[in-house]
Amino acid sequence: MSFDLQTLLGGLYLGALYGTAAVGFQVVLGSSGRVHLAYGHMWIAWALLLSSVHVVGSVPLPAVLPVMVAAGWFVGWFLHPVVLWRGPLSNERATSFFLITLGAALVIEDAGSRLWPLPGTAMAWAPEPFVLAGVTLPRAKLALMGAALITSLGVHLFLKRNRWGMALRAWDRGRAPVYLAGVSPESLGRRAAGLGFALSALAGGFLALSYTVSIREGMAMTVRALVLAVLGGTLSPLGVLGLGMGMGVGEAFVGQVLGMRWGPAVGYGLLLFLLPVLERRRT
Amino acid sequence: MERIVALIAAVLVVLLGTPIAVSAGPVRVGATVSETGHFATEVGPFRALLEAWAETANAEGGVLVGGERRPLEVKVYDDRSDEALARRMYARLAVVDRVHLMIGPYSSPLTFAASIAAENQGIPFLAVCANSPRIYSRGFKWIACVIDEAPRYTHRYWEMLEAGNKAETVFFVVEDTLHPQGVYEGASVLAEKAGLQVQGSRVAPHDCRDFSSVIEAARRLDPDIVFVSANIPFAVQFMGQAREMGLRPREFHAIHHSGIFRRSLGKAAQYVTGQSYWSPGMTLGQHDRFLELLDRSGIELEDYPWAPAYMMAFEVLEAALARAGSTDAAGLMAAILENETETIGGLIRFRSNGVGSINTYPSQIRGKGYEIIWPAHKATAPHIYPTP
């Protein structure tokens, strides 16, 4: 069985979407230092919301997507500052964060399965693909992959050039560097949560525009985002996106060679084998 | 004093000597419906269908049990498309709700799990849309199924292709769950018997999202038919990507191609063939009552093409109750298995393992509707092949 370009492209499209969501997950992880267990559910809920509003409500996409991203920002801004506050990680705080986000995941899944009992998609919007040298190139997915790259580059520049972004990167070393950057940790936590959840809304929109989604996939998506965010290192959007695309390609080729049912195991395999290697390199 | 004693004695004699008319109580039927989760695309609103069945029966004074009419009660839970939950809900139906009869959940995996509760409690269990042979090869005594086993599920489609002599090759895309696997196993044999060459097959998990390698393999082989043996979410995912990547066989056949499939795919769903149990032109069994049930429950037939199979289950259970003459479990089970019943989908009879004889008809999506395309004497429109 040969490795073909079409399979490679399929993996890249899907991996770019995983990567976009994982960038948001990493921002939340980087600002809170904790794993947000409801992140994948929110990602999927945004996708289902877009498919409902656009397909059922016939609201045009250019109107839906920006509003959804803004709503994601506000969800992060208003709901998360208390739990995202990076204080000393006592056992109680870690446990309560774990329980709050796990509870949120269960609530979203339960409410979501009532709101959206059926899987959703908005992929009927996609225009006809074009063929180049025998390879089919879907315009919609190419556009979304481009948007994913631009988004990750934007977050990368924000972290490198912007005062708030630099403070966020410095937060790992304690509060002092944050104050030195002239930034209030509380405001920084709110902004980070806003950015992280705005990215989850954007990635949810991308997912609905190109694939079918069900609310029951939430936890699997959280695990995927976690794998990419952990392997991507400390607040590295481009690294996370690259890994996401690598994971997508890995799933596609493993599926082609070993059978489709083995594809999803790639993420766990990456975590198992790459994490010790990366840890050694970082230390 | 003697007069009082005599009066009391007389009253007692009258009371004890008079046969007291005791109502035999309602007939209780239990079921679960996948109102949420993976299978909600197939049967989400069917609680309303079951309730409409009870309403129409009770409007007539109840269901006939022997010669007596008894009220019909249906108890329905949401199984969330979850096997473990379905099994627990059927155990609850048996132990807490004490139902006399059970109507199975949607799908083979859920039925496989749920029927264990019925078997343990000795309650007649009538499966509806669950035709994996694995369910009926366990030696269970308390199970029967309305529809034929999965391997024969598409036999009329292959008969049609053989008669038309149009297609020569087929490629299978299969969801890795019980029913689609069972349909595929039978269909691949039937395809070869019909003279088609099976060029290949690919099995993928139910939540597969990227089909690039499968589509590329199919495109290289250029089959006449791409046969998608899958539930709706998988089929929509695959078909959307197949269209996007320019896979153009002469025909797509999706075994589940309801209105939800059609609306999700837009124009890519046009001329896709699939399977249907019934269309409004068919006048067998209690077809008028079925239309009334659809009307009462607000269920659109094209969105939920499995509704006729549930109507057939209602017809089988009503006939069994009338014949059995009581709600005794053993008598009811024998009445289900040993008799033939006229249903909206035709005459149903059961084999010794409980499997019924109802099967589907090939249908094709045209515009916003569906046309039965085979057999010729039941077809509502000719088969359009290849896809324009």
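Visitor: What's the strand order in the open sheet of chain B?
Guide: In this predicted model, the order is β4-β1-β5-β6-β7-β15, six strands in chain B with parallel pairing.

Visitor: And which strands stand at the edges?
Guide: Those are β4 (72-78) and β15 (355-358) of chain B. Each has a single partner strand, so one side of each is left without a neighbour in the sheet.

Visitor: How much twist is there from one strand to the next?
Guide: The average is 20 degrees.

Visitor: Let's look at β15(B). How many bridges pair β15(B) with β7(B)?
Guide: Two bridges, in the parallel sense, with β7 covering residues 143-147 of chain B.

Visitor: Nice. Which strands does helix α5 of chain B touch?
Guide: Helix α5 (residues 108-121) packs on the sheet against β1 (27-33), β5 (101-103), β6 (125-127) and β7 of chain B. The direction of α5(B) makes about 165 degrees with that of β6(B).

Visitor: What about α12 of chain B, which strands does that helix lie across?
Guide: Helix α12, residues 307-324, lies across β1, β5, β6, β7 and β15 of chain B. Relative to β7(B), helix α12(B) runs at about 130 degrees.

Visitor: Switching topic to the two chains. How many residues are in contact between chain B and chain A?
Guide: On the chain B side there are 32, in contact with 33 residues of chain A.

Visitor: Which elements of chain B give two or more residues to that side?
Guide: You'll find α2 (40-43), β9 (197-204), α8 (212-221), α9 (232-244) and α10 (259-265) of chain B there. The largest share, five residues, comes from α9(B).

Visitor: How does the chain B side divide by class?
Guide: Eleven residues are nonpolar, twelve polar and nine charged.

Visitor: At what angle do α1 of chain A and α8(B) pack?
Guide: Helix α1 (residues 5-32) of chain A packs with α8(B) at about 155 degrees, and their axes are 8 Å apart. That angle is why α1(A) counts as roughly antiparallel to α8(B).

Visitor: Left-handed or right-handed crossing?
Guide: Right-handed, as α1(A) passes α8(B).

Visitor: Which residues make that contact?
Guide: From α1(A) you have Gln6(A), Thr7(A), Leu9(A), Gly10(A) and Gly11(A). Helix α8(B) brings in Ser212(B), Ser213(B) and Glu216(B). By class, the residues of the contact of α1(A) with α8(B) are one nonpolar, six polar and one charged.

Notes:
Residues numbered from 1 in each chain as written. Chains lettered and ligands numbered in written order. Predicted model: local features only at pLDDT ≥ 70, side-chain atom pairs only at ≥ 80, totals over all residues. Contact = placed C-beta atoms within 7 Å. Helix = DSSP H or I, 4+ residues; strand = E, 2+ residues; numbered from the N terminus. Nonpolar A, V, L, I, M, F, W, Y, C, P; charged D, E, K, R; others polar. Axes fitted to C-alpha atoms, helices over the stretch in contact; angles between N-to-C directions. Parallel < 35°, antiparallel > 145°, perpendicular 65-115°, else oblique. Left-handed = near helix turned anticlockwise from the far one by under 90°. Pairing = 2+ DSSP bridges.
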